[in-house]
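Please keep the sequence and the 3D view at hand while reading.

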Amino acid sequence: MRWFLGFWRSYRLRLLRKRWRIRALRKSRELTVVQNRTAAIRKGDILVFSTFRNEDVRLPHFLKYYRDLGVNHFVMVDNASDDGGRDYLAAQPDVSLWTTPASYKRARFGVDWLNWLQRRHGDGHWCLVVDPDELLVYPFCDTRPLRALTDWLDASSIKSFGAMLLDMYPKGPLDQTPYTRADDPLSIACWFDAGNYAISRNHRFGNLWIQGGPRSRMFFADQPWRAPALNKIPLVKWDSSYTYVSSTHMLLPRGLNLVYDEWGGEKASGVLLHTKFLDTFTVKAAEELTRRQHYAASHEYRAYAARLRDNPDLWCKWSEKYINWRQLEILGLMSKGNWA
Amino acid sequence: MTVGIIMLVHNALDRAEQVIRHWVAGGCPVVVHVDAPVDRATYQRFRTALDDMPQVRFSARFRCEWGTWGIVAASQAAAETMLAAFPQVRHVYLASGSCMPLRPVKELICYLDARPQTDFIESATTADVPWTVGGLSGERFTLRFPFSWKRQRFLFDRSVEWQRRLGYRRPTPPGIVPHMGSQWWCLTRRTLSAILTDPRRAALDRYFRHVWIPDESYFQTLARLYAQTIESRSLTLSKFDFQGKPHIFYDDHLQLLRRSDCFVARKIWPRADRLYQTFLGDPAGAMKGAEPNPGKIDRLFAKAVERRTRGRPGLYMQSRFPNEGWENGVTSSPYSVFQGFAELFQDFESWLGRATGARVHGHLFAPTGAEFEGRQQTFSGALSSNPALRDYHAQMFLRNLIWNTRGEHQCFQFGPGDSQFISWDLAKDPNAQISVISGAWAIPLFQTNRNFADLRTEAARLQKIESEHLKALRSPYAKARVRIWTLADFIEVPMEALQTVVDEIGTKGLRRLAEAPRMVDLTGFGQFLQSLKNQGMHPYLMGDFPADPAPANAEPPKRKPYLVK
C-alpha cells in the first residue's frame, strides 16, 4: 500500500510537471523577441535567466556582477518596462532579450516565461535564475569563478545548488542614501539579519521552507505565516524536462529540491544577497500595490505599504554588517559542504 | 638513470600537453594514454601538437571507465611501451592528465636515484583500510561485478545483494593476498617488468578483470609478490572525499601546495591558471628540498569531509536540516532553564547574572513576548521578541538563540504561564540543564490581590500545565539534565540547591556562593494553599506546606535533590 501511495504521489507530481510545461508553452506566445543572440551560446556556457520590470538603474551592476563571476550569456524577459532598460539590454553583446506586456501574475510571476526559455535554451547548461536585485554568493566566490563551482558540482553528480535569499538593508530610513545607476547596491544596503530564520519542510515537494529576516520581523510580525519564502534553488544543471514550480523556490522533479542534508551533514550552499531595500523600494512598493501583480493577492506589498508610510528603519542593534562569504559561512547562513 | 612518466589523459588535453612538456624538459620520457572515448579529431590534434617531442610516446587506447579494468589495461600497455622504448628508465611513475609536479623534476629524479630499489606504492590489506566506497572492501575480490556502479547503480546493488544472499564467492588465485591502495604509484623497472612478464599473468588478469576498482588493487597486490622494498605511500598528493572522488585544487590553494613539499599533486582544476603558471613556469617559483609533508592539506580536506558528513552541531540552515535523531545536538551548546526561581526570589535574574557571568533572560516564552536580557526588543542574530513570530516556530527560535550566542551560556526562566510549545523540545535536548521548583507559580498568585475565585481557576490551570511539563521532563525520552524540587523541599535548603545549579553552569570557576538572592516573604503562604484546598482545589506540586508555620527549632529531615537524567 505504501509502495502504491509513493507511486501515486510521484505520478501526480509528474502530471503537475507536465501541466506546468504545457502552460509554459502556452504562455510563451506572450513573448516577443527583441534581440535573440542565443546562437552565440556555446556548449558548457553558464547562463543567467531573469525577468524584470523597470529595473534600469540596477541592470548595469547586475550585468557586471555576473559577468565577473563568469556567466557567458544572459536571457532576459522584460515585462513592459518604460524606463529605457529594454534598450540598454538590447545593446549588450551577451544578452538575448524578450519582451511582453502580458500579466506577470498570470504567468505565475514570470515562472512560465522563464520555464519556456530555459527549456528552449537552457538544456544541458548550468542555469542561474535570479532577479536583477539578487546577487549570488557561493563558497570561495572571491577566489574561484562560478565555473569552478559548476565543474565541482558536475564532478560530484550534483544537479542543483541552493542559495537562500538574504534580505540586505541600509542603516537608517530607506530613502536616506539614494542609489545611483551602476553603483554597487551593497555599498548602501550592507546589513542583514544573521539568525532569525524559521525553517520547516515541505513534504509534498521535498524542499525546505524558510521564512524570517527583516521582512518577517518588520512587516509580518503579526502574521508570520504570510512572510515571504526565502528558500531558493537558483542554480540548476538544466534539462528540458525540468520545471520551476513557484518562483525559484522549488522545482520538479522533486529530487532537485533536496539541496539539504538530512543526516546531520551540511551540503554546499550559497546565498542570494537581496538588495531590494534601497530608496527605489518605496516607489516600487506603491506602484506594485496598484498593479496587483504579486503573490498571494499582493499581501506582501500591502504589508510594505502599510509600514512604509512611517519610513521605517530595518536596522537594529543586532544587525550584522556584510563582509564576505566567509562571514556568512561562519554565521551558518551558507556552507562549504565538502568543497575545500 | 631517470624516471619515466605514464600519463593517463581523458580531458583538458591542453593542460596535459603543458605538463608533458614540463616532464620532458626535466629529462623524463613520457608515455601517454588517451582515453578511448576522446574523439579521433581531438586525439589527432593532440598527437600532432606533441610531434616535436621524441621523448613522448602514445600507447594503445582503452576505455577507462571508473572502477573498471580499462584503467589497469591502459597502465599495463603504457608500462610495456615505456620499458621497451626507454631503457634508461629505472622508475616508472603513473600520473594522470590532471596531476601536476610541484617540485622541480630534477628533485624527483635525485630523490628516486637515492632510493634505487624502492617501490612507492600504497598497499594495505583489505582489512586495514577505511576507504571503501559502497561498503565493499574484502568483497571487491570475492564477488562479481557485471554492472557499472556509476551508470547502473540499482542493478549493481541488487547483484551484490543477491551474491551475498546466495553466499557466492570467487576463489582467489593461489598465492595472492589482496591489497589496496592509491592508484598513483611509482614502481621500479624490476618490479614492474616482473609483474608484466609473470608467467601467470593471463590468469591473474582474468581474475582482476572482475575485481571491483582493480586499479586500486592490481599493482598494489602484485607488487607485494616481487618488490624488494615497498614504501607504502604514494608520491602523488591526492585526497579523496567521502564519496571516493578526488578533491580538486584551485588557485587559492597555492600557498598550501607550496608548503606541502610533495612531488606531484592531483587533481588540479584545469582552469587554475595561477597554479599552472607557478609550478610549471619558473623553476625558482617551485619549492625546495625536504620530505613530502602534506599534513596541512590533509587537515583541510579532513575538515571538509567532516563538515559534509557531521556538520555543525545545533545548526539548522538551508543545507543542513537533520531528521529527528540525526541532529548531532539539537542545539549548539549547553544552556540553563529555570522554572520557579524567579517567582521565589525577588532579584533572581540579576543575582544569577552576577553569580555566573552567564547571559540571563527573563521568561523567553512569556505570552507577551520574549523577555530578552535587559528586555530588549531584539536580540543576538536580530531575533525578535514578538510573541507571534516566536511561537510561529518555537523550536527554531530556541535553536537560533543558542546558535547565535555561541561562546556564551544562556539562562532563561520558564513556567506554566509561558507558551508551552517548547516543553518537549527542552526535555529531549541533552544540552538543556533544567532546574524546576515545582509549585512556585503559586507565589505570584499568593501575592496578588485578585478575586479568590479567579485565583482558584488560575491555580488549577497553572498546576495542570506544570504537571504536563514535569511529565515530559520525567519521561524516558527526556535527555536533558533535570533537577526537580518541590517548593517545600527547596526552601528547606535553598543555598545548597542554588550552589548545585550554579556549579553546573560553571562559567566562573567553582566558588562558594558569597551572596544569596532575596527570597520573597512566604509568611501566610501555607494558609493561602489551605484556602485553595478549602475551595476544593488540590495544590500538590509544591509539596507538603504546613498550614501553620513550623516551630522554629524543629529541624525537618533533609532530602537530597534528585537528578533525573
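Two residues are in contact if their C-beta atoms, placed from the backbone, lie within 7 Å. This is a predicted model, in which local features need pLDDT of at least 70 and side-chain atom pairs count only at pLDDT 80 or more, while totals for chains, interfaces and linings use all residues. Residues are numbered from 1 along each chain as its sequence is written, and chains are lettered from A and ligands numbered from 1 in the order in which they are written.

Between the chains, 51 residues of chain A are in contact with 48 residues of chain B. On the side of chain A that touches chain B, helix H5 (146-155), strand E10 (197-201), strand E11 (208-212) and helix H6 (213-219) each supply at least two residues. Helices (H or I, at least four residues) and strands (E, at least two) are DSSP runs, numbered from the N terminus. H5(A) gives the largest share of that side, 5 residues.

Within chain B, helix H3 (residues 70-85) packs against helix H6 (residues 189-196) at an angle of about 125°, with their axes 11 Å apart. Axes are lines fitted to C-alpha atoms, for helices over the stretch in contact, and angles run from 0 to 180 degrees between N-to-C directions. From H3(B), the contact uses B:Gln76, B:Ala79, B:Glu80 and B:Leu83, and from H6(B), B:Arg189, B:Leu192, B:Ser193 and B:Leu196.

Chain B also has an open sheet of 3 strands in the order E5-E12-E11, with mixed pairing; two strands pair if DSSP finds at least two bridges between them. E11(B) and strand E12 (residues 264-266) of chain B run parallel, joined by 3 bridges. B:Leu237 has B:Ala265 in E12(B) as its bridge partner.
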